[in-house]
Amino acid sequence: MMGSDAVDFPVAVVLPAAGCGERTGLATPKQFCTFLNRPLISFTIETFERIPWIESIVVVVAKESHDLMLHIIHQFHHTKVKVVEGGTTRHRSIFKGLQAFSESTEGPVLPRPKVVIIHDAVRPFVDEDFLLKITLAAKEQGASGAIRPLVSTVIATTSEGFLDHSLERTKYRASEMPQGFLYDVIYQAYQRCSEFDFEFGTECLHLALQYSGTSAKLIEGPPTLWKVTYKRDLAAAESIIKETLSLSACLISGAMAETVELSSRLQKNLESHHMAVDVIACTKENNELLLKTRNFIQISTSGASLSETEEMVKFLRRQSMPFCTRLLLYWFIYISQMRHQISKRMMS
Ligand SMILES: Nc1ccn([C@@H]2O[C@H](COP(=O)(O)OP(=O)(O)OP(=O)(O)O)[C@@H](O)[C@H]2O)c(=O)n1
Ligand SMILES: O=C(CO)[C@H](O)[C@H](O)COP(=O)(O)O
């Protein structure tokens, strides 16, 4: 991965999440649909929250979802998030998110970032490496955005519903998210844009070009950047989330030198098999991590830590964690005494 040390300036994120998800046909807005008892928006927030060089995350929600959002933040221990009320269109919501750094009517104004990343809350699968590319390009060029090759050809129709003309597909790209901006560039663009833009516009990069004279650097992103739009996308997102969770684990090492060493070796081994492994010494005061993990590996040299494991299971049960599908609890007992006895026996 490109060095994240290069981010020596403040970076914040705005996640518009105030839509009603009409195209899913569901009563619940898609960002609040749950997978394994956790709402989609919490997965997106976590992706950003884990990145150390991201300072704050503004989540923009509809007025009626404000309390629900606060509850989610509390339940999943999100720490970098400020919630603001959205508007009637995506552009209005994004502008309200940006105002949190300049002229907030909802609590204290947040420190103004150098670069702000704008990302749809309903695109949960974005990785740090790509966010870094977007952020550095935004710092350098003033604006940057993710693009993907077009899957279908774009055609223009006549008002009677006939083909007017078709675009040469190889010349065009689909504009995706995330997008990055120098804060001043995008804030000025939103301050200057028209009511028509607020009502019908769909492209932040266009506002930066038209109202701040900044042409965005475009970077081809991975296919995982797609936006949850239809009901079938929710099923796809669920299956990716399950697959991703099965490739992550929390390793509880204990404090003994030999268990710490064993944990470190196991961590390296699992990471070489493409698993993301968080190592903690004990489960106490690590509730945040426990809630976000499905696989636990406890390393122990004696049965003493069984009580800690029991406490953890009780805690997870209290939080209504779904045990049935993805919680696998491994408990390794590494019996050093037995190892000594065996070697003694072999020597005699
Ligand atoms: N007034 C709005 C409308 C949309 N969004 C957000 O913008 C993102 C992308 O928009 P879209 O996929 O269109 O979401 P919805 O507007 O919810 O979906 P639909 O158009 O099907 O109603 C979503 O995270 C959505 O919550 C927003 O913050 N405020
Ligand atoms: O890709 C995007 C901008 O480049 C946006 O996600 C997209 O425009 C959102 O549009 P809509 O709200 O109509 O789904």
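Two residues are in contact here when heavy atoms of theirs lie within 4.5 Å. With that in hand, welcome to this predicted model.

- Is lysine 82 buried or exposed? Its relative accessibility is 15%, and because buried means under 20%, lysine 82 counts as buried.
- Setting aside neighbours within four places in sequence, lysine 82 is in contact with Ile57, Val58, Val59, Ala100, Ser104, Glu106, Gly107, Pro108 and Leu110.

**The shell around ligand 1**

- Ligand 1 has 19 residues around it, and those that come nearest are Pro16, Gly21, Glu22, Ser93 and Lys227.
- Strand β1 (11-17) and helix α3 (90-99) each supply at least two residues of this shell.

**Polar contacts and cover of ligand 1**

- The side chain of serine 93 has an N or O atom 2.7 Å from a nitrogen atom of ligand 1.
- Backbone atoms take part too: a polar one of alanine 17 is 3.2 Å from an oxygen atom of ligand 1, and a backbone N or O atom of cysteine 20 lies 3.2 Å from an oxygen atom of ligand 1.
- On its own, ligand 1 has 560 Å² of accessible area, and the protein covers 88% of that.

Conventions
Residues numbered from 1 in each chain as written. Chains lettered and ligands numbered in written order. Predicted model: local features only at pLDDT ≥ 70, side-chain atom pairs only at ≥ 80, totals over all residues. Heavy atoms only, no water. Buried < 20%, exposed > 50% of the residue type's maximum accessible area, 1.4 Å probe, protein only. Near = heavy atom within 4 Å. Polar contact = N/O pair within 3.5 Å; in protein donor to acceptor, adjacent residues only side chain to side chain. Areas by Shrake-Rupley, 256 points an atom, 1.4 Å probe, with all protein chains shown as cover. Helix = DSSP H or I, 4+ residues; strand = E, 2+ residues; numbered from the N terminus.
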